[in-house]
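The following paragraphs lead the reader through a protein model. They turn to strand pairing, then to salt bridges, and lastly to a surface patch.

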Amino acid sequence: MELLKSKKWLASLAGAFLAGVICVFAVYSTVAADSAKTPGSADDPVVTKSYVDAKVAALVKAELDKLAGGGDLGSSGDASAAALEVVKIPVGQTMMVEAGGEVVIRTGSAVAVSSDENGLSDVTEGADIAPGKPVASNHLILFPRDGRGIKHSPDAKTDMIVLVRGGYELK
């Protein structure tokens, strides 16, 4: 009787050992198969920083390319959205800039022009420029909406030279 109990106990122990070996083998096989996958592939959808950086760079490039080929962006008709254009504004004329346009005044003095009570954004200073107020030279000025521009100061005697990015019209 004693021998029969010890055989059952030994068979149970062997069965448990065999089950343990099978579990270890199954886990090892799964881990080995997962480590063979290429990061970012359909089998391993973990997104790495380099993958995100590459995708963002491609999207930015596509947007810049789309803007650069975007048609008539200046009075000359051949300026691209990404390029700065040097423009001479004769005394007495006003430059109206399209929404999203940018201007840097290089020489001369200007005041802000707006079709409503809102003005221009001085990005360099982080301030708004109300209509009729002076626009600082060598500051990046952003035109958030259509109907806004710059004109010569009332006491101006020489032409103004500006750098422009985006569409504009001289009046």
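Two strands are taken to pair if DSSP finds at least two bridges between them. Helices (H or I, at least four residues) and strands (E, at least two) are DSSP runs, numbered from the N terminus. The model is predicted, so that local features need pLDDT of at least 70 and side-chain atom pairs count only at pLDDT 80 or more, while totals for chains, interfaces and linings use all residues. Residues are numbered from 1 along each chain as its sequence is written, and side-chain values use heavy atoms, with hydrogens and water left out.

By this criterion, strand S3 (residues 101-107) pairs with strand S8 (residues 140-143) in the antiparallel sense over 4 bridges. S3 also pairs with strand S10 (residues 160-165), again in the antiparallel sense, over 5 bridges. Val104 illustrates both pairings: its bridge partner in S8 is Leu140, and its bridge partner in S10 is Leu163. Gly101, for its part, stands opposite Phe143 in S8. Strands of a sheet pair through backbone hydrogen bonds, either parallel or antiparallel.

These pairings belong to an open sheet of 6 strands, in the order S1-S10-S3-S8-S5-S6, with antiparallel pairing. S1 and strand S6 (127-129) are the edge strands, each pairing on one side only. Neighbouring strands of this sheet are turned by 35° against each other on average, direction ignored; for such angles, axes are lines fitted to C-alpha atoms, for helices over the stretch in contact, and values run from 0 to 180 degrees between N-to-C directions.

The structure holds 3 salt bridges, each defined as a side-chain nitrogen of Lys or Arg within 4 Å of a carboxyl oxygen of Asp or Glu. In one of them, Lys88 meets Asp159, and the closest N and O atoms are 3.8 Å apart. Because Lys88 lies in strand S1 (residues 85-89) and Asp159 in the loop between strand S9 (148-152) and S10, this pair ties together parts that are 71 residues apart in sequence. Residues are classed as buried under 20% relative accessible area, exposed over 50%, and partly exposed in between (1.4 Å probe, protein chains only). Lys88 is exposed at 55% relative accessibility, whereas Asp159 is partly exposed at 31%.

Arg165 and Glu102 form a salt bridge through their side chains, at 2.8 Å from N to O. Arg165 belongs to strand S10 and Glu102 to strand S3, so this pair ties together parts that are 63 residues apart in sequence. Arg165 is partly exposed, at 28% relative accessibility.

Arg148 and Asp116 also meet in a salt bridge, at 3.5 Å from N to O. Their pair links distant parts of the chain, with Arg148 in strand S9 and Asp116 in the loop between strand S4 (110-114) and strand S5 (120-122), 32 residues apart. Arg148 is buried at 3% relative accessibility, while Asp116 is partly exposed at 30%.

Which residues form a nonpolar patch on the surface? They are Val47, Tyr51, Val52, Val56, Val60 and Leu64, with about 500 Å² of accessible area together. Patches are made of residues with over 30% relative accessible area and no salt bridge, like charges being joined within 9 Å and nonpolar side chains (Val, Leu, Ile, Met, Phe, Trp, Tyr) within 5 Å. Accessible areas come from the Shrake-Rupley method with a 1.4 Å probe, and for residues only the protein chains shown count as cover. Val52 is found in helix H2 (residues 49-68) and is partly exposed, with a relative accessible area of 38%.
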